[in-house]
Amino acid sequence: MSEVVSEKAGSPPAAPPAQPRAAGARPRRNRIKIAATAVLVLFLVLLPILVGSEVAYLKVAQYILIGAVGGIGLTLLVGQAGQLSLAHPFFLLVGAVSYAVLAGDPEESDDLVGLGLPPLLALVGAIVICGLIGLAFAPVAGRLRGIYLGVASLSLVFLGLWLGQSLEAFTGGTSSGRTPPTFELFGFPFSNAEPSPTLFGVAIEKQQRLWYLFLVLAAISYLLARGAVDSRIGRSWRAVRDNEAAATAMGVNVTRVKAGAFVISSAFAGLAGVMTALWLDLVKPDENEFTGSYSLTVSIAFLAIVIIGGLGSVPGAVVGAAVVFGLQQFFLLGANEFGWFADAEFGGLNAVVLSAFVYGAAVVLVVLFEPGGAAAVGRRLVARLSPSDIPSAPRGGRSTPGSEPERNDDDPTA
Amino acid sequence: MILRRRAGRSATLAAALASTLVLAACGSTADTPADTAAGAGGVKTDKGVTDTTITLGIMGDTSGVFKNLGAAINAGNQLWADDVNAAGGICDRTIQLEVVDHGYKADTAKTLYPQLEPKILGIVQLLGSPVLAALKQNLIDDNVTAAPASWSSEILNNPNIMMIGTTYDLEVINGLAYLQQEGLLADGATIGHIYIDGEYGGNGLKGSKYYADKHGMTVKEAKITSTDTDLTNIVTGLRGDGVTAIVLTTTPGQTASALAANQALGLNVPVLGNNPTFDPALLQSPAAGALGNLYVAASSPPFSSQTPKAAAVAKAYKEAYPGAPLNAGTNVGYVEGLVWQNVLTKACENGDMTRAGIQTALISLTAVDTEDLVGELDYSSPGAPPTRGVYIAKVDPAAEGGVTEVATVFTAPEAESYKAPFQEG
C-alpha cells in the first residue's frame with residue numbers, strides 16, 4: 001500500500017486533496033506527541049505506585065480498561081462499519097464463560113465442565129469462540145441495517161440470559177456461578193502468591209498484577225484496532241458504511257466485510273468478557289435481563305461509551321470508557337472518602353444517582369453540541385496546538401445523529 | 001505519512017524505554033512483617049481495632065432495588081451500636097460503623113471493598129446475593145468475617161460467612177409444616193411453587209421439594225425472573241393443576257400479582273412466602289384486598305411483634321427515625337449487631353481480637369442468645385444453618401409493618417432432619 005493512498009484513505013471521492021503541510025510544523029508535533037505518549041505510558045505503568053495502598057482506585061482503573069477494550073470493539077462495528085449492535089453483553093458473557101470452561105479445573109466439581117487448559121490458551125480460545133459466534137450471527141447482520149439490526153442483535157442478550165440459566169454445567173448457574181481460574185503466564189500467577197516483587201516499595205500483589213495484565217491486553221487491543229482502522233480493512237469498512245453500491249463497484253465484497261466487522265467486534269467483546277471474569281473473580285449469569293454484568297444496562301453503557309467518545313474513534317472509546325465505567329465508581333469512592341452525600345440515608349441524592357445524571361447528561365450534551373464526541377474535542381485541541389497542520393474545514397463523513405460534519409475515521413491522532 | 005509512521009515508532013520506543021526503566025527499579029521481598037500488636041488490656045489486634053475503638057463495616061443498599069429494606073437494616077445496625085456504646089462498649093472499646101452503599105451492584109461492591117477492607121475488623125452487614133458471590137474470594141483472602149443480609153444455604157461453604165437466622169429452604173419447610181399443622185394442607189396434596197431463578201428462589205425451592213418428598217406431595221414448579229410483573233397466567237396454570245397451596249419465593253410486586261390472581265380466579269388457597277416476599281407498601285397497592293391469604297415465614301420477628309426485645313427495638317427505631325418506612329429490616333439489623341456483640345465479647349475474653357481470633361471465637365459459640373430476635377444460634381458446625389426456627393406471620397393491615405405474628409420461633413421436625421447443601425455429617 002503506497003503512502004499516498006493511505007493518506008487519503010476513506011475520503012469521499014469528491015474530497016479536495018489535503019492541503020500542503022507547512023514545513024517545520026510536523027517535527028515539532030512529533031516531539032510533543034512522543035513526549036505525551038511517554039508521559040502517559042509512564043503514568044499508567046506507575047499507577048500502582050501512585051495509588052499505593054488505595055487499591056480501590058486501581059480497581060476502578062482496571063474497570064475502565066475493561067470498558068475500553070469492549071468500547072473499542074463496538075466503536076469499530078458501529079462507527080467504522082456502520083452496524084448498530086446491542087449484543088455486546090452477550091459476547092462478554094460468552095467470553096467469560098468460555099474462559100472459565102476452557103481453563104477450569106476438571107477435578108473442581110462434578111457439576112461443572114472444565115477442560116484444564118493453560119489460562120493463556122483459554123484466553124485466546126475464549127476470544128476465538130466469541131469471534132466464531134459473531135460469524136454465526138453475520139447472516140443476520142448482513143441482511144439488516146440501522147435500528148433493525150440493533151433490535152435483532154438485542155435478541156442475543158435474551159438468548160444469553162436463557163442459556164446462562166440453562167447451561168449450569170458451563171456457567172455454574174445463577175445461584176452461585178463459578179470461580180474463574182487464576183490467570184497464569186508461564187508459571188507466574190496473577191494472585192497473591194509469595195514472594196511478591198516490590199516496585200518502589202509497593203508490593204506487586206494480585207490487583208497490581210491484574211492491572212499490568214489488563215494494561216497489556218488493552219494496549220494490544222488499542223494498537224490492533226488502530227492498525228485495522230488505518231489499513232485496507234478499515235477502508236473497506238468505511239466504504240461499506242458510506243455506500244454499499246459504491247463499495248461493491250470498487251471491488252469490496254460487502255457481505256464478507258460486514259461479517260468480518262461483526263467477528264472482530266465480537267472478539268474484542270470476548271476479551272472484555274474474560275477481563276470481567278478476572279476482575280470480578282466470578283462468572284455468574286444474570287438473574288434478569290435488566291440488572292447484572294451482562295444485561296441490557298451494559299448494552300446501553302457500551303453504546304454510551306461509543307457516543308461520548310465519538311463514533312468510530314478508537315482513542316475516543318477509551319475516553320468514553322473512563323466517563324461511563326469510571327465516573328460512578330469514582331463518585332462512590334469519593335463519597336466514602338470525603339463524606340459526600342452523607343445525609344442521603346433514606347433516598348435522596350447519592351453517588352449512584354448523581355453519576356447516572358452525569359453520564360446521561362454527557363450523552364445528551366454530546367449529541368446536541370458535539371456529535372463527534374470526545375474525538376472531535378481532542379482533534380480541535382490538537383489543531384489549536386499546531387494551526388497550520390490540520391485542514392480547517394472538516395473533511396466530511398459520518399457522525400452521531402445530528403449529522404455534524406465531523407469524522408473520526410482516518411485521523412487516528414484525534 | 002512516512003514521518004508520522006516514524007513518529008509512531010519513536011513513541012513506541014520511548015514507551016518501551018520508559019517501562020524498562022521502571023522495571024529496573026524493581027526489587028523483591030518475600031515477607032511482610034506481621035503487623036499484629038498487643039493493644040490495651042493485653043488484647044491482640046490487627047485491623048480495625050485500636051485501643052479505644054472497634055470498627056465494623058456495613059455494605060448495604062440504600063439506593064438500589066432493596067433501598068427501603070436496606071435503609072432499615074442500616075438503621076438497625078446503628079441502633080445496636082448506639083446501645084452498646086451507651087452501655088460502655090465492648091472490651092473497653094466503642095463500636096464505630098463504616099457505611100458504604102453498593103446499590104445492589106456487584107461491580108460497585110467490588111470497587112468499594114478494597115477501600116473499606118483496611119479500616120475494618122469485620123462486616124456487620126453484607127447485603128445482596130450477587131454482591132456476596134462477587135466478594136466471596138475477597139472475604140476468604142482477607143479473612144474478613146461477614147454477617148450477610150441474604151439467607152441462602154448455598155453460601156455456607158464460605159467459612160467467613162456468619163449466617164444470622166435460618167435459611168430460605170428452612171423457612172419454606174417450617175412454613176409448610178405450619179400450614180399442615182393448621183389443617184390447611186394434607187399429605188399427598190399438590191402444591192405450586194413460584195420462584196425467581198437464582199440463589200434466592202433456587203434455595204427456597206429446595207425446601208418445598210424436601211417437604212413434599214416427606215409427605216408424598218407433588219410440587220408444580222414455575223420459574224420466573226425477578227423482573228416479571230404479571231403472574232396471572234402462572235396462577236391460572238396452577239389452578240389447572242389443582243394445587244391446594246402456593247409457595248412464593250418472589251419479589252413483593254410479584255407476590256401482589258400472585259395473590260390478586262389467587263383471589264380473582266376464585267382459587268383462594270393459602271399462600272406461603274419467604275421473608276423478602278412481603279413489603280408493607282403492598283397494603284397501599286390495588287392488590288391490598290387480596291393479601292389475606294399470605295403467610296410469611298422469617299427468621300426474625302415482624303415489626304409489630306410482641307417479643308419484648310423486638311418491641312423495644314421498634315420503639316427506639318420510631319423515635320430515632322420518624323417517618324422512615326416500617327419493615328422487618330430493623331430487627332434484622334439489630335440482631336446482626338447482637339451476634340457480633342457475642343463474638344466480640346468472646347474474642348475479648350480469649351485476648352485475641354485479630355481477624356483470625358474472630359473466626360476462632362465464632363466457631364466456639366454454640367448457643368448465642370439474641371433475646372428471641374432469632375432462634376438460638378449454634379456456629380460450631382460450619383456449613384449448617386446456625387438455627388432452624390422461624391417466625392410465622394400473617395398479613396394484617398391493622399398491624400404496624402403490615403403483618404402480625406401467628407407463631408413464635410417455630411421449628412418443625414422436618415426442619416430438624418433437613419440436610420443443608422454444605423452441611424457435614
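The entries below go from whole chains to single elements and then to the place where I compared the two chains.

**Entry 1: ground rules.** I am working with a predicted model, in which local features need pLDDT of at least 70 and side-chain atom pairs count only at pLDDT 80 or more, while totals for chains, interfaces and linings use all residues. Residues are numbered from 1 along each chain as its sequence is written, and chains are lettered from A and ligands numbered from 1 in the order in which they are written.

**Entry 2: the two chains.** I looked up the secondary structure, where helices (H or I, at least four residues) and strands (E, at least two) are DSSP runs numbered from the N terminus. Chain A comes to 16 helices and four strands, and chain B comes to twelve helices and 15 strands. For burial I noted the cut-offs: a residue is buried if 20 or more other C-beta atoms lie within 10 Å of its own, exposed if 12 or fewer, and partly exposed in between, with C-beta atoms placed from the backbone. By that count, 51% of the 414 residues of chain A are buried, and 57% of the 425 residues of chain B are buried. Two residues are in contact if their C-beta atoms, placed from the backbone, lie within 7 Å. Among contacts between residues at least 6 apart in sequence, those joining residues at least 24 apart make up 75% in chain A and 70% in chain B. I also noted that the C-alpha atoms of chain B fill a box of roughly 80 × 70 × 50 Å, taken along the principal axes.

**Entry 3: helix 9 of chain B.** Which residues of helix 9 of chain B are buried? I found B:Ala310, B:Val313, B:Ala314 and B:Tyr317. An α-helix has 3.6 residues a turn, so residues three or four places apart point the same way. On the other side of helix 9 of chain B I found B:Pro308, B:Lys315 and B:Glu319 exposed. The cover over the buried residues includes helix 2 (67-86) and helix 10 (329-350) of chain B. This helix, residues 308-320, has 13 residues and reaches 18 Å from its first C-alpha to its last, close to the 18 Å expected; the expected span is 1.5 Å times one less than the number of residues.

**Entry 4: helix 5 of chain B.** Helix 5 (residues 168-181) of chain B should span 20 Å with its 14 residues at 1.5 Å a residue, and its end C-alpha atoms are 20 Å apart, which agrees. I found this helix mostly covered, with twelve of its 14 residues buried, among them B:Tyr168, B:Leu170 and B:Ile173. After helix 5 of chain B comes B:Gly183, whose phi is positive, near 80 degrees.

**Entry 5: a sheet in chain B.** I traced an open sheet of seven strands in the order 9-8-10-11-12-14-15, with mixed pairing; two strands pair if DSSP finds at least two bridges between them. Strand 9 (218-224) and strand 15 (403-410) stand at the edges with a single partner strand each, so one side of each is left without a neighbour in the sheet. Neighbouring strands of this sheet are turned by 20 degrees against each other on average, direction ignored.

Inside the sheet, strand 8 (residues 190-196) and strand 10 (residues 245-249) pair in the parallel sense over five bridges, and B:Gly192 has B:Ile246 as its bridge partner. Strand 10 also pairs with strand 11 in the parallel sense, over three bridges, and there B:Leu248 has B:Gly273 as its bridge partner. Both faces of strand 11 (residues 271-274) are covered, with B:Val271 and B:Gly273 buried on one side and B:Leu272 and B:Asn274 buried on the other.

**Entry 6: where the chains meet.** How do I describe the pair formed by helix 3 of chain A and helix 3 of chain B? The axes of helix 3 (residues 55-80) of chain A and helix 3 (residues 106-116) of chain B come within 6 Å and cross at roughly 150 degrees. Axes are lines fitted to C-alpha atoms, for helices over the stretch in contact, and angles run from 0 to 180 degrees between N-to-C directions. The two helices are therefore roughly antiparallel to each other, since angles under 35 degrees count as roughly parallel, over 145 as roughly antiparallel, 65 to 115 as roughly perpendicular and the rest as oblique. Among the residues that meet here are A:Val55, A:Lys59 and A:Tyr63 of chain A, and B:Asp107, B:Lys110 and B:Gln115 of chain B.
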